[in-house]
Amino acid sequence: GFSWKLADHPKLPKGKILGMVVLDGWGEANPDQYNCIHVADTPTMDSLKKGAPEKWRLVKAHGSAVGLPTEDDMGNSEVGHNALGAGRIYAQGAKLVDFALDSGKIYEGEGFKYIKECFETGTLHLIGLLSDGGVHSRIDQLQLLLKGASENGAKRIRVHILTDGRDVLDGSSVGFVETLENDLAKLREKGVDAQIASGGGRMYVTMDRYENDWEVVKRGWDAQVLGEAPHKFRSAVEAVKKLREDTKASDQYIPPFVIVDENGKPVGPIVDGDAVVTFNFRADRMVMIAKSLEYEDFDKFDRVRFPKIHYAGMLQYDGELKLPNHYLVSPPEIERTSGEYLVHNGVRTFACSETVKFGHVTFFWNGNRSGYFDPSMEEYVEIPSDSGITFNVKPKMKAVEIAEKARDAILSRKFHQVRVNLPNGDMVGHTGDIEATIVACKAADEAVKIILDAIEQVGGIYVVTADHGNAEDMVKRNKSGQPLLDKTGKIQILTSHTLQPVPIAIGGPGLAAGVRFRNDVPGGGLANVAATVMNLHGYEAPSDYEPTLIEVIDN
Ligand code: 3PG
Ligand code: CO
């Protein structure tokens, strides 16, 4: 029968204190002026690199190595932390939705049947991120869903768009809105009353995460549900163009707007009897809107009106909370994660980050599961993030605070694993502000130093790695790697993640002599890290985990 008991590692001892550091958005790329990690002063990470190849190497963090559909899919924090924690590669949301749409199975599922019950008399609302970024959603999936829903009886459809500019180039929102408008026009030709009803930039409207700022969700609610927003337009293309121009907002921060008819009335508020689908597959930035659409009892903001709707997520966003109750595609069933095994084997764990990445080292790490496996064995600490600012304004973020919490946890000797995420490279990288990102990388490096010093003091072990690239490349490039210029001759800033591999380093006074990276897993990726960490805690990994990256040679 199944047992949580892990076999003892034949050579490695138990009981060492292990510091597990995940640098968010920290990839490896050619050193040039757009590589902020290279430009920044990062002595700690530089010294770890000198341990190559025995104590430092690169691992894959994108594409199939983390369960994404193609090798053109950049990595992201969800799939990266899932792989780091689960030790196996699961077909992720993007891929599962592709399967369901291509096979048509999505229309046979319980979730679709549930929303279909409203098609006769109600409107179908689709809310989500409009881009081809492939991190939270994909426009081609929305296009297929629009077609499929209309073929399956939806007569009135309203799309509530969230503009991107974070997983794709800033300014690309206009093109995506044009594409969608085209599709909706075709549907109208077929007699479906289909329109865009509202919109706003993803970082300002709807897509907050980990309860950092409910105002963001409220702005979306007002536009999507109540049909109220500070800006009103007859067309969404015009809205996006004009708001970018007039308010100087980037795609990520376009203020909320509603589309109105010739009488100035909003074309698509959400009312009793309507169906609503949030079409993002990724969970973190959908949980809050899902709660506001689903929960009868709700006190995060005044909803004014709570319409009786049939609501489904593209996926179920939280398996523990069963949120939402209805969904079109079943999420990956990530089970038996390394965190759960280790807790069952007596490994005490501490995890910490600031709000914007807190769920990454807890929820994503634990296979999209919220809460503790065993509260007597674990402690998770969230440091409140600054809210209401873009992080280029405060690029050091809470790196020092996170590192000091980790240091204290290490020095307390109460935990065997102390795990953190340092957000700077990613969160500041996403702003596209190169100067600020350089400051961010230095701050993250200093935080690593604080943690490694503590590990040194307790005779422990460290593992330092990252979840995907971002800060190491801040410019859009052509196929041969040359920076691309826009019409005005300026470089095109890359706000998104990258396809780059990420470093992993091991070390510390507690690392047994003879431990080194093997050279027979050259294609290793983030999913190989879990077995590696289990070994360093003194255990063999379960046999279905991706192989460990380390070996122990006898001296
Ligand atoms: C975001 O949600 O901020 C970006 O789309 C992806 O960034 P993350 O995967 O690093 O969270
Ligand atoms: Co990111």
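**Where the ligand sits**

Mentor: Domain 1 (18-91 + 334-481 + 492-552) and domain 2 (94-329) both give residues to the shell around ligand 1, so the ligand lies between them. Keep in mind that this is a predicted model.

Trainee: OK, and which residues are around ligand 1?
Mentor: They are D24, G25, N76, S77, E78, V135, H136, R166, D167, R285, D426 and H430.

Trainee: How does that shell divide into nonpolar, polar and charged?
Mentor: You get 1 nonpolar, 5 polar and 6 charged residues around ligand 1.

Trainee: Back to the domains. What separates their centres?
Mentor: Going by C-alpha atoms, the centres of domain 1 and domain 2 are 32 Å apart.

Trainee: And how many residues are in contact there?
Mentor: On the domain 1 side 25 residues take part, and they touch 24 residues of domain 2. Helix 12 (residues 355-364) gives the largest share of the domain 1 side, with 4 residues. That side of domain 1 splits into 6 nonpolar, 15 polar and 4 charged residues.

Trainee: New topic: helices. At what angle do helix 7 and helix 9 pack?
Mentor: Helix 7 (residues 173-189) and helix 9 (residues 236-247) pack at about 170°, and their axes are 9 Å apart. Angles over 145 degrees count as roughly antiparallel, so that is what helix 7 is to helix 9.

Trainee: Which residues make that contact?
Mentor: Helix 7 brings S173, V174, V177, E178 and E181, while helix 9 brings A236, V237, V240 and K241. By type, the contact has 5 nonpolar, 1 polar and 3 charged residues.

How values were computed. Residues numbered from 1 in each chain as written. Chains lettered and ligands numbered in written order. Predicted model: local features only at pLDDT ≥ 70, side-chain atom pairs only at ≥ 80, totals over all residues. Near = placed C-beta within 6 Å. Nonpolar A, V, L, I, M, F, W, Y, C, P; charged D, E, K, R; others polar. Domains from an automatic or database assignment. Axes fitted to C-alpha atoms, helices over the stretch in contact; angles between N-to-C directions. Helix = DSSP H or I, 4+ residues; strand = E, 2+ residues; numbered from the N terminus. Parallel < 35°, antiparallel > 145°, perpendicular 65-115°, else oblique. Contact = placed C-beta atoms within 7 Å.
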